[in-house]
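Q: I would like to learn how to read a few features of a model, step by step. Could we go through them together?

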Amino acid sequence: GVLKSPNESTKAVSPAAMIAVDLIGTSSAVVNDPGLSRRIFALYATLEFIESALVQRGSGEVALREGRLSPEFFVVFTRGVTHNETFGKLFRAYVPPEVARYYDDFDAADGRDLAQLRAFALANAGQPASAAQVQRWLEINRDISAALDKILTATVDWVGAEGDAMLGAARRDMWIYLGITLIALFGVIVLGRKVLRTVRDLLGE
């Protein structure tokens, strides 16, 4: 019940998070409506971006404190960094600008320091970072967690609102189609009665 290292939580949580996020990515591929698929993919890209940023926290702290990561956690850390860059581009491409602005604000304040500390950790050179650098890493990760929390909330709200709008449009279309069908059916019945009356009159004559 005791957390021995910041890496331990990463080891436990990361695989489960990856499976859950991949499930959403798969659902965006199987949906046959392009608009809905795009919105689900926006949520998928956002979740991958968030997960890949958060998964770096524990491993990065260990890398800075000890100067070196075990091969297992070095793979986890490098995967997080590369995924974060890739999905960061997709996140910006698919979410509304007002959602991306939450990360832009963080990046303007802390982006350069974050990049330098990531590079130090990726070097895996066996040389520990200073106490100030470790503290700065923890501060940056606290700030990025707050920004990512806002991003997740805003993205879910946006996707939910878009989904409600699509559902409303689908219901409206359904009522329109139902109305057109009833009118057409009424027309067919009226026309059929007229045709039958005409045939009956002709037969009577």
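Q: Which residues are buried in H3?
A: Happy to start there. Buried means under 20% relative accessible area, exposed means over 50%, and partly exposed lies in between (1.4 Å probe, protein chains only). Helices are DSSP runs (H or I, at least four residues), numbered from the N terminus. In H3, the buried residues are Gln56, Gly58, Ser59, Gly60, Glu61, Val62, Ala63 and Leu64. Helix H3 spans residues 56–66 and is mostly covered, with eight of its eleven residues buried. Just after H3, glycine 67 has a positive phi of about 85°.

Q: Before we go on, what should I know about the model and its numbering?
A: This is a predicted model, in which local features need pLDDT of at least 70 and side-chain atom pairs count only at pLDDT 80 or more, while totals for chains, interfaces and linings use all residues. Residues are numbered from 1 along each chain as its sequence is written, and side-chain values use heavy atoms, with hydrogens and water left out.

Q: With which residues is glutamine 56 in contact?
A: Contact means heavy atoms within 4.5 Å. Leaving aside neighbours within four places in sequence, glutamine 56 is in contact with Glu61, Phe77, Gly80, Val81, Asn84, Arg118 and Trp137. Glutamine 56 is in helix H3 and, at 1% relative accessibility, counts as buried.
A polar contact is a pair of N or O atoms within 3.5 Å; within protein, one must be able to donate a hydrogen and the other to accept it, and residues adjacent in sequence count only if both atoms are side-chain atoms. Here, a polar atom of the glutamine 56 side chain lies 3.3 Å from the backbone oxygen of glycine 80.

Q: Asparagine 84 was on that list. Which residues does asparagine 84 touch?
A: Not counting residues up to four places away in sequence, asparagine 84 touches Phe49, Ser52, Ala53, Gln56 and Arg118. Asparagine 84 lies in helix H4 and counts as buried at 5% relative accessibility. A polar atom of its side chain lies 3.0 Å from the backbone oxygen of phenylalanine 49. The side chains of asparagine 84 and arginine 118 are joined by a polar contact of 3.3 Å.

Q: How many aromatic pairs does the structure hold?
A: A pair of aromatic rings is described by the distance of the centres and the angle of the planes. Rings of Phe, Tyr and Trp (its six-membered ring) pair if their centres lie within 6.5 Å; planes under 30 degrees apart count as stacked, over 60 as edge-to-face and the rest as tilted. The structure holds seven aromatic pairs. One of them is stacked: phenylalanine 49 and phenylalanine 91, at 4.8 Å centre to centre with 10° between the planes. This pair links distant parts of the chain, 42 residues apart, with phenylalanine 49 in helix H2 (residues 34–54) and phenylalanine 91 in helix H4 (residues 71–94). Both phenylalanine 49 and phenylalanine 91 are buried.

Q: Why is the pair of phenylalanine 49 and tyrosine 103 edge-to-face?
A: The ring centres of phenylalanine 49 and tyrosine 103 are 5.0 Å apart and the planes are at 75°, so the pair is edge-to-face. Tyrosine 103 is in helix H5 (residues 97–123), 54 residues apart from phenylalanine 49 in helix H2. Phenylalanine 49 and tyrosine 103 are both buried. Elsewhere, ring pairs link Phe41, Tyr44, Phe87 and Tyr94 into a cluster.

Q: Are H2 and H6 roughly parallel or roughly antiparallel to each other?
A: Axes are lines fitted to C-alpha atoms, for helices over the stretch in contact, and angles run from 0 to 180 degrees between N-to-C directions. Angles under 35 degrees count as roughly parallel, over 145 as roughly antiparallel, 65 to 115 as roughly perpendicular and the rest as oblique. The axes of H2 and helix H6 (residues 131–204) come within 10 Å and cross at roughly 170°. H2 and H6 are therefore roughly antiparallel to each other. Residues making the contact include Leu43, Phe49 and Ala53 of H2, and Thr155, Val156 and Trp158 of H6.

Q: Which residues does leucine 43 touch?
A: Not counting residues up to four places away in sequence, leucine 43 touches Thr155, Val156 and Val159. Leucine 43 is in helix H2 and counts as buried at 18% relative accessibility.

Conventions:
Helices (H or I, at least four residues) and strands (E, at least two) are DSSP runs, numbered from the N terminus.
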